[in-house]
Amino acid sequence: MENKLESKKCPVVKKCGGCGCRGISYKEETDIKEKKVRKLLKGICKVEPIIGMENPYHYRNKIHASFARLRDGSIVSGKYAEGTHRVVPVDDCLIEDEKADAIVRDIRGLLKSFKIKIYNEDSGFGLLRHVMVRRGFRSGEIMVVLVLVSPIFPSKNNFVKALRKLHPEITTVILNVNDKRTSMVLGERNITIYGKGYIEDELCGCIFRISPSSFYQVNPVQTEKLYGKAVEFAGLTGKERVIDAYCGIGTIGLIASKHAKEVIGVELNKDAVRDAGINAKRNGSKNFRAFQGDAGAFMEQMAEAGEQADVVFMDPPRAGSDEAFLSSVVKLGPKKVVYISCNPETLARDLRYLVKKGYEALRAVPYDMFAWTEHVETVCLLSKKP
């Protein structure tokens, strides 16, 4: 298996900013990641062996491609070179879904005949900025998002027809309008031009609705293992009241709700909260509710009202949690905290705070969610000291 894993070489590894660990074996890469987590959590928490991937290729179920017009008039698509907005042509990325890459190539091929101009960041002229493709791992449903400067897209119906002739498996096509001079990929307005405007996928036995801007882990195979471990760490028996902080579209909360008495999800993004409510209905979940707001403030209010929670799941962004959020966890005083982290540096910092405030960090398991990159995900169990 090891030899098979090392047989693939990327021709643009030195130019593209997408990967950081190519040129070493997969075993070496996972060893480096495990050592990093062990070093950062030394003296704080026991770290178990890293859970690597059986096949660390083509795992990304969400891709986004940038476009550029070369001096000879030809159009290329690919990734930005690291730290720049210069497009490195990439046709077959070794970590991206192969079907998604094929769709991007064919969209590029259609641009000329439909006279669609590529957006130029310097001049501000042109229409198409990016293309995003999301694919349901279990459902096979495919969403194509065309990120445009304007909502006016000439011959859009014929374009969709031509694209679906090449890829009949595409289930929805969305125009996303991004008219700001920004490095953000997506704008705030979505116009569905084909299909239902979202896809659904199954994860840990639950069905999730995924909109263009929904946060949904990009590696479903490893996500199932990670979330399975998180729920196992929580030790749910059906009697617990659970808080899912940073709940997004309700992924962890809905999976946990099968094993808990009640799950309360809290999330700042109103679109994600709407999707979480829809996902709860879709899965027939009667014991999961999602609220829009700041999770820290929400838990503060619960604590002040004398309410309690048995378990808090937290899955913060790369910057980790702030002290206000962590102090609200301490005030609420759940018996267990399950911390899912995408950044071991901020995880170590946050664990130190919680350990000082009466929690014990018992177990940490690293997961390789992003093979061939420097990132590592870790799930950690904390228990309140008696």
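**Close-up views of a predicted model**

S155 is partly exposed, with a relative accessible area of 42%; partly exposed means between the limits for buried (under 20%) and exposed (over 50%), using a 1.4 Å probe and protein chains only. The model is predicted: local features need pLDDT of at least 70 and side-chain atom pairs count only at pLDDT 80 or more, while totals for chains, interfaces and linings use all residues. Residues are numbered from 1 along each chain as its sequence is written, and side-chain values use heavy atoms, with hydrogens and water left out.

View A. S155 sits in the loop between β6 and α4 (156–166); helices (H or I, at least four residues) and strands (E, at least two) are DSSP runs, numbered from the N terminus. Now turn to C204, in the loop between β9 (199–203) and β10.

View B. N219 belongs to the loop between β10 (206–210) and α5 (220–234). A polar atom of the N219 side chain lies 2.9 Å from the backbone oxygen of M369. K62 is 157 residues from N219 in sequence, yet their C-alpha atoms are 8.7 Å apart in space.

**View C. C342, the annotated position.** An unreviewed UniProt entry places the feature "active site" at C342; UniProt positions follow the numbering used here, feature names are shortened, and annotations may be inferred rather than shown by experiment. C342 is in the loop between β15 (336–341) and α10 (344–356). With 18% relative accessibility, C342 counts as buried. Leaving aside neighbours within four places in sequence, its contacts are P316, P317, R318, V376 and E377.

**View D. H130 within strand β5.** Strand β5 covers residues 128–135 and includes H130, which counts as buried at 5% relative accessibility. The side chains of H130 and S66 are joined by a polar contact of 3.3 Å; a polar contact is a pair of N or O atoms within 3.5 Å, where, within protein, one must be able to donate a hydrogen and the other to accept it, and residues adjacent in sequence count only if both atoms are side-chain atoms. Beyond four places in sequence, H130 touches several residues, among them H64, F67, Y80 and V185.

**View E. The seven-stranded open sheet.** Its strand order is β4-β3-β2-β5-β6-β7-β8, with mixed pairing; two strands pair if DSSP finds at least two bridges between them. β4 (87–89) and β8 (189–194) are the edge strands, each pairing on one side only. β5 and β6 (residues 142–148) pair in the antiparallel sense over seven bridges, and R134 stands opposite M143 in β6.

**View F. The eight-stranded open sheet.** Here the order is β1-β16-β17-β15-β14-β11-β12-β13, with mixed pairing. β1 (46–47) and β13 (288–292) stand at the edges with a single partner strand each, so one side of each has no neighbour in the sheet. β12 (residues 262–267) and β13 run parallel, joined by five bridges. The bridge partner of V263 in β13 is F288.

Note on methods: Contact = heavy atoms within 4.5 Å.
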